[in-house]
Every structure is written in structure tokens, then in C-alpha cells.
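Welcome, and thank you for opening the viewer. Could you walk me through what to select here, one stop after another?

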Amino acid sequence: MIEFRFEGRPVAAEEGQSIGAALHAAGIRSWRTTRFGGRPRGLFCAVGACFDCLLTVNGTPDQRACQTVARAGDEVTG
Amino acid sequence: MTYDLAVVGAGPAGLTAARVAAARGLRVALLDAYAKPGGQFLRGTAPPRLTGVDVMLGQRVWAVEKSSGGFRVHASATTTAATLLVATGAHDRVVPFPGWDLPGVLTAGGAQALVKGERIRPGEEAVVAGTGPFLLPVAVTLLDAGVRVKEVLEANRPSPRMAAALARVPSKAGEALGYARRLAAARVPYRTGHAVVAAHGEDSVEGVTVARLTPGWRPYAWRTVDCDTVAVGYGFTPQVDLLLQLGCAVEGDHVVTDDRQRTSVDGVLAAGEVTGVAGAPGAVVEGALAVHSLVGEPPPRLLAEKARLRRFARALDLSYPVRDGWRDWLTPDTVVCRCEEVTLRAIDEARDLGAHDPRTVKLLARPGMGWCQGRMCGHAVARLTGHEPAPQKRPFAQPITLADLTLHDREDNA
Amino acid sequence: MVGAGIVGASCAYALMRAGVRVTVVDRGGVASGTTGAGEGNILVSDKEPGPELELALRSNDLWRELAEECGGFEWEPKGGLVVAETPEVLDALTAFAETQRRHTRAAGAGPGDPETTPPASGAVAAVPVAAGNLRDFEPHIADGLAGGLHYPQDAQVQPMLAAARLLKASGARLVRTAVERFLVSGDRVTGLRTGQGDLHADAVVNAAGTWAGNFPQAPLPIRPRKGFILVTQPFAVPPVRHKVYTAAYVTNVASDAEGLETSAVIESTRAGTVLIGASRQRVGHDTAIDYPVLARLARQAIGLFPVLKDRQVMRAYAGLRPYSPDHLPVIGPDHRLRNLFHACGHEGAGIGLAPATAEMITAQIAGARPAVDPAPFAPGRFA
């Protein structure tokens, strides 16, 4: 297991697991809101096609959580 | 260096093609967007051994171009090859319904990927809904992961045609029977002529409305079911972006290929879901056939197998269509385009302004203008404007940063 | 009315309000051509002193009126910011702005007969911005620029919505079918032969955009000039506030070069995306994607707004600007056939110039005197 941080709190992930899956498994189902209606967004297609699951990884914005493998020490924000 | 063959997509079709081509002495590059090979189907299985293949993972191919000696395949680096095989698979096709953008609503393929590829349990209690035989393995996968699957809802009704098609493909028939037994053993009801027509919750799904459907999918007899997870899938949409960039002919939602996987554009091959074949066995056969179009003659056995699987795919298409009644599930406030938060009302307003086709609706109301570029809503928007869904041209098959794009100014490279 | 782009829609709107019953015919429906491929610019800043500037100033006023009385098309009076990379370019830019101001005043005062040369409805406002003050306008703009000019009159609309709203508000009938040819009797046009039969009319207006030159009975030298737009990801708050472009844009617009020209033109939209242009190429009706051109646009955009570097592009598309040999629009009665009027050839300025074009056409059809001198736009000038 490795550990990364989401909005400052630790989240565990298996080696090779995506950030999106690790967050979802940790009960964090939503990590951003839409820009007009403020609707919650998390995983939907989980295969990189829908772009619902965007988040910021180590300062790089708009990464697909389902396509980004979690690495130890990653700083992740919504 | 220029490869003999560049394969985009490391699912069953691409892996097979790369392996067979390397075994025949071709210089092969295999690219995939994900960090591991296998595609959606083989996710989570042990990576296959590929000797003699340059495997490039984490490569999101955003464009392909013709060049003098073949093709340039643009990902984070550019790969050149004399022949290109596109095996980029498909993603779930989903129809919108109220609440479908709540977290906890997943595509069926997404729910399966989370279990098989990511080894997580997507939720505690799930409802699986949609149409097509794929719902069965998804439900079984969720069961295996410890999810309590409350119901499996098939919007269509079993047809004699499908039973006949299944009977001609014994492996498929056996598979379906196995899934059915597994669901029965877990006492999971499988209901045909039913659908999830709404999802409820504040920040995440807390329950769904299930309705009985007329044969045209109009809902009646509603009830609610508590659950924290919904897996929905109404068939698949082939990811033909790269093939459209090169101008390959399409038919319906898939690319046209001949019996050796050749598209209408010289040097461009396609295999797997992009050609309209359904499922991994067909993808494997097509991956192998694609190599035979380069080296030698295709074995008659493969050609026969392909023909059989094609007929099966066609039977699937005809047996599990998306029927128009889903429009009655929507309210004016239902979000149709998740990215741009375009509601049914906004789409109707655009039509009232004179938009008569999906493109003009998009120009006026923005469905399909967001991050996913219409991958999720394109089918629904086309249907809502009375048109057959058709693949859209996307100059960027993946978004890329402006900085990365600047690297492709050829004057710079010269 | 042949064409349901911004020019056709504006003309339909103006004519219907003047009591003329209009039927609009377009094979693709509303905004299916050049209108659907632009940024929605309403500019005075890039117009050289002359007739087009007068038309642009008049149109600028009319757009403000349309935003009030029709609206619903994302009218944004955001202003333009033209920036210069070097002191030399800044000097040239400042001198250019001075000629814009002077010309406008001259047009109002004469030398011509004030009765036949009506004053332009306004004057160009251009305010010098020192290098150190550029960030007051654009907080994310690059370091090292020499300065610029702020054009507060420059504005933007969502062009497809503008065409659709104007057409809807006009009450004109839209027929979606191809126009095969003009119906001609002797020396006059009597209507259109369309894919849905013949339409008879007292007057026909040719607002067919890039196809406007192709009617064999009344050909015009109008050809397409291709341009790309790159569309970025949506931003919650886009990093670009004005329409921002470099001085090179003005020279490219006026240029006659056959080959590729690019200059940075950047603006955001109400939807949160940033639009990046502009390229110019003469390659016929070909709208194929050309990645090296897109790469160059990306580089120029980063040059102006380094913050865009790590942001993503989602989409790109090509549009065709209908241009005439002297880069002026073609507006007015045909010189060969009576009852035929042209409203075309606006190149990349069709959105901005549409309302004043419509006003001119409406006056000409009614036999009244237009607000702006129509002589420089007369179709017969190429004969």
C-alpha cells in the first residue's frame, strides 16, 4: 500500500491503483463541483472518456483521476 | 525509426495483433493510454508477455496524421509507422435520466473496471440497469466484489432472434447460462422491460426510481429502490476518433473494414470494437486478421470465426436497441450534457430557435462542447433532435496542453 | 434572402422591421457556415481608416441597440487590447490609432458634400496603455511587452446565438433548402429556384457567405480565406478579460499574401473557454485540420499569456472567411441584374459589420439614403 494526500488528509492506495479508484474506495465519491450549477462530480465512466473526475495532482490541474496512477506522497486537490 | 506497424490500443485486439506481427518479424510499436496493457476487458489480469514489441504505455494518442512514408502517431512523443492499426475499443453508451450525474451512478463498464482493474468495491448496494448481455457479467463482477446487487434491469425483452443467435455461438450461450446461474444463486432478480428512470440523493446516490417499460420504453408503474451505486450501460460507442481524423469511412457508429481489417484509407487497419464487432473473442480474431493483411494469407478458420462473431454482433445490435421512450424519463431540468450542464429545456430552446440538427443544437446550446466533447451526450442529443447518432470529428482525440501542442510546429523541428 | 448566417439574419431582422416580408433560404439552416466558425468579434480596433471603419463604427452602435431590443446572444462590451512587443511596433500602433481617430473626424466634416457624406455615428476611442499598466487590463499578460492600446468600443457576441435570435425575432420564414439559381426575367431577378421549388420575390439579397460569388448569373470575386481557432478547456474564471491581440494581426488582416500568416488573437467566452486565433490561408474550401498551424497558434498564445502553457486544448476548427479582392464587403444593388442585392464579402468581420450592412441593404431596397456612404461597397467596382 502507498499513501497520498487528498485536500491534506491521507488516503491509502494499492500499488498501481488510480487516484480516482482510491478516493472512491475511501468513501470520497466527489471531489469537484461543476462551474455553473455547483453539482458534485466524481467517477462516472472510470475509463477516461467522460472527464467528470478531473482533479489537481501535485499542482497540475485537470487530470483525470481514473487515468492517473496514485504515487506515494502525491498532493491531490479537487 | 519507422515501425512496420503501430498499434494503438492494448486491449484484446491490439495485444493479439502486436504479438502475431512481432512473431512474423515485423517491427511493432504498441501504444496505450493507460499505465498497464489489457484494455477494459483484460484489466487486472497478468500482463501478457510481448517479445519483440516496443510497448509504450501511458501514451495518450491525440492525433494521427498521414506522412510520406506512412503515419505519424502523436502522443507525448511521436511514433512513425508504415502501417497503422487502430484498436481503441469502445466506451459505454448511456442515456440520460434525472440524477444520472450524481456521484455513485457509474457506467456499467466503469463499475466493472473498478472491480477488475482497480480491485475496489464500488459500493455497498447496487442496481444494474441498461440493455444488452453485458449487464450480466457486470452484475456478477459486482457480486464477486462483495457488492449487494439488488436488481438487474434489462430495458428490452428477450427476443427469439437473440436466443437463436446465442444458440449458434455455444461459448456465448454457456457464458450467459453461467452468469444467470450465478445471479439466481445470489437471489438477484433479473427483470426485463424495466429501467432505472431516475436517481436520487444530495451529494451521492441514495436510491433510484425503477419503472416498468412499454416495449417502446415508456415508463409506467414506478417504485423506488434504495442503493448507493448504480451501474448503467445501454450498449457501447466505438472510439473511432483517430480513424475519423484520417478520413476512414464509417457506417453507423463504427468504421467500415473488409475481411482483413482494412479501412477505406490505405495503410490504416482497424480491429475490435471500433469495427462494430462485439466483445473480446471477436477482437482477438480481428487483431490476428489485421496482421494477415500485411503478412501472408488469412487462415480460412479465422475468416469463418470472424463471420460468425459478426453475425452475433449484428444480432446483439438488433436485439438490444435503444428505444425512443427514454425521452419520457427526462424532465425539462434533466441535465443532458454533463460537462456543460445543458438541460433538456436548453436543448428544446435551441430547437425552437431554429436548430434542426445536432450540430446546430450544439452551437446554440453547447451540449457536447465541454471536456468530453460529446462522448457522453452525443447519442442522446442526436436522438433528441430526431437524428441518427453519428461519430463526430474530433481533431484532438485527447486534450493536450498548449505547451505540448507547440512541439508539433514542423518548422521548429526542421 | 439567400443565407441564414449573421448577415442574412441581420438583414432579415432589419427588413422585417421596415415592413418588408422576408423568406430566408439556407441549405444548412441558421449559422451553418462562417458564422458558426468565428469568435463573434465586433471590432473597430483593427479597421484601417476608410469606409470599412465607418461601417464598423455605425455597426458598433447598432449592435448596442440590438443587445437592448433583442438580446440573448451573450453581448459582451469587453473592449479590445492591442499589444506591441517592441517600442518600434508600439510607435507604429500609436500612429495607426491616431490615423483612425483623425479619419473619422474628417469623414464627419467633409471634404465631401455633407448631404451625401453623412457623419460616421461615432469616433474611434483608443487609449494608450503603458507597459506598466497592461496588467491593470490583463493580470496574466506576459512580461516584456512594450505597451498597447485599449479600444473600449470593441465587443463580442456569441455569433451563432446572435444569428439565431435575430432571425427568430425577425419573424422571417426560414426554408432549409439549397438555392440552385436566381430566377431571371429580362434584366431583373424575380426570385429563386430552390430545392423546394420556386420562390418569387420583389427583391433577392445574396448573403451566401463564402458561396456568394458562385451564382453564374451574377458572379462576384469572393473567395474563402481559411482560419483556425483553438478552443481551450473551460475555466471557472478565464484568464483573459478583453479581446487581446498583437499588432501583427492588423497587418495580416490587410495583407494579400497567399501563404500562411498567423498572429495571436485571444479572448474568452461566456462559457469559460479561451479562443485562440488567428491564421489566414488561401486554400479554397478545404477545412482540413493542420496541426503545425495549430501548434504555431498555441505558441503565440503562450507568448501572450504564459499561464495558458499548462492548460489544455479540447477542440479546434477551421472556418472560411469570404473575402473580396480589395478586402471590403460587397453591399448594394447588383450592376447587372435589377432587384438583386448583395450583402457579402465581409471576410473576418461579418459579425461586427452585419447590422450596418443590414441597415444599408434595407435603405437601398426602400430607395432611401443609407446612414453610411455605400459607394465604396458597390458590387460594380470589380466590373
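**First stop: chain C as a whole**

Select chain C: of its 383 residues, 59% are buried (under 20% relative accessible area, with exposed meaning over 50% and partly exposed in between; 1.4 Å probe, protein chains only). What you see is a predicted model, in which local features need pLDDT of at least 70, side-chain atom pairs count only at pLDDT 80 or more, and totals for chains, interfaces and linings use all residues. Residues are numbered from 1 along each chain as written, chains are lettered from A and ligands numbered from 1 in the order written, and side-chain values use heavy atoms, without hydrogens and water.

Switch to cartoon view, and chain C shows eight helices and 18 strands (DSSP runs numbered from the N terminus: H or I of at least four residues for helices, E of at least two for strands).

**Second stop: C:F215**

Now pick C:F215, in the loop between β11 (204–206) and β12 (223–232) of chain C. Its relative accessible area is 8%, so C:F215 counts as buried.

**Last stop: B:E202**

Move to chain B and find B:E202 in the loop between β12 (194–200) and β13 (207–213). B:E202 is exposed because its relative accessibility is 64%.
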